[in-house]
Amino acid sequence: MNQSKLTNIFQITSYVKNETNLTIEINTVYHKLLQELFFTKKEKNNNKIYELIFNGIIIILLLFAVTISILILKPYFGDLAGLFGGCIAIIIFIVLMVIFWPFFTSLEKKLVTKIEKITLKFSQNGLEIIPNTPKKEPIFIESLNIANIYVKESEITESCGKRSYKRRVLNLILLLRKTIPNKFENKETEEIFLLEKVNKENLEELKKISEDMKESLKI
């Protein structure tokens, strides 16, 4: 297996294989579906509230900057003010962002719960899912409770400026024999997304790592 290529794609930090067993350690960054395993409903809602407030204020500041720049230039350039207002609008927007940034930072500290990195550790004992914060306890799943690890294709919608487009991506999913309760919400978890939104051209590498994961778990 081309371990260096897999390391670049999946951020594998430890990959130990010997004659008797295989252990794998993977770091995932900003993995939303894994993060949700650790968030309470209140934390999820607070994160959404902050995102709405942040995006709303950004849009308002941008519109304000554009409007002010046009008003400043209109007496001098008339109907052509919009053509020359871009640079001034950018400067005004940057100044406003500098002024409002302490507010965003303070609000983020009060509302947002962050888990920027999650570590997946595979061994013959099972899978340990570890968030990079002491405030959240790791989740351990015994290998006997893991039915399969498989690749699933899905379609996502992404935005580029004002345009949106659909893209086919790959997800690596762990299927449980017996559902586990989500201790923060009143629901059961049957599938866990180990890796998400992988480009389709990495299909063969994703299949290889899934086979090694199963070998490590002895399933």
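Lys214 has a relative accessible area of 16%, and since the cut-off for buried is under 20%, Lys214 counts as buried. This is a predicted model, so please take every value I give as computed from it. The partner of Lys214 is Glu211: their side chains meet in a salt bridge, 3.1 Å from N to O. Both residues sit in helix H5, which covers residues 203–217, and they are three residues apart, about one turn of the helix. Glu211 is partly exposed at 46% relative accessible area, while Lys214, as I said, is buried.

Staying with salt bridges, a search of the whole structure gives six. Some of them share partners, and in that way Glu153, Glu155, Arg168 and Lys200 are joined into one network. Glu153 has 37% relative accessibility and counts as partly exposed. Arg168 is also at 37%, and is partly exposed.

One more salt bridge to mention is Glu108 with Lys114, where the closest N and O atoms are 3.1 Å apart. Glu108 is partly exposed at 24% relative accessibility, and Lys114 is partly exposed with a relative accessible area of 45%.

Now the aromatic side chains. How many aromatic pairs does a search of the whole structure find? The search finds five. Take Phe54 and Trp101: their ring centres are 6.4 Å apart and their planes are at 80 degrees, so this pair is edge-to-face. Phe54 is partly exposed, at 23% relative accessibility, and Trp101 is partly exposed at 45%.

The rings of Phe103 and Phe104 have their centres 5.9 Å apart, and because their planes are at 55 degrees, the pair is classed as tilted. Is each of these two buried or partly exposed? Phe103 is partly exposed at 41% relative accessibility, whereas Phe104 is buried, with a relative accessible area of 1%. Ring pairs link Tyr50, Phe54, Trp101, Phe103 and Phe104 into a cluster.

While we are on helix H3, Ile68 lies there as well. Ile68 has 25% relative accessibility and counts as partly exposed. From C-alpha to C-alpha, Ile68 and Ile92 are 8.3 Å apart in space, with a sequence separation of 24 residues.

Last, some strand pairing. Strand S2, residues 22–29, pairs with strand S3, residues 117–123, in the antiparallel sense over six bridges. In that pairing Val29 stands opposite Lys117 of S3. S3 is also joined to strand S4, residues 126–131, by six bridges, and these two strands run antiparallel. Phe122 stands opposite Leu127 in S4. Which strands form a hairpin, and how many residues lie between them? They are S3 and S4, with two residues between them.

Key: Residues numbered from 1 in each chain as written. Predicted model: local features only at pLDDT ≥ 70, side-chain atom pairs only at ≥ 80, totals over all residues. Heavy atoms only, no water. Phe/Tyr/Trp six-rings, centres within 6.5 Å; stacked < 30°, edge-to-face > 60°. Buried < 20%, exposed > 50% of the residue type's maximum accessible area, 1.4 Å probe, protein only. Helix = DSSP H or I, 4+ residues; strand = E, 2+ residues; numbered from the N terminus. Pairing = 2+ DSSP bridges. Salt bridge = Lys/Arg side-chain N within 4 Å of Asp/Glu carboxyl O.
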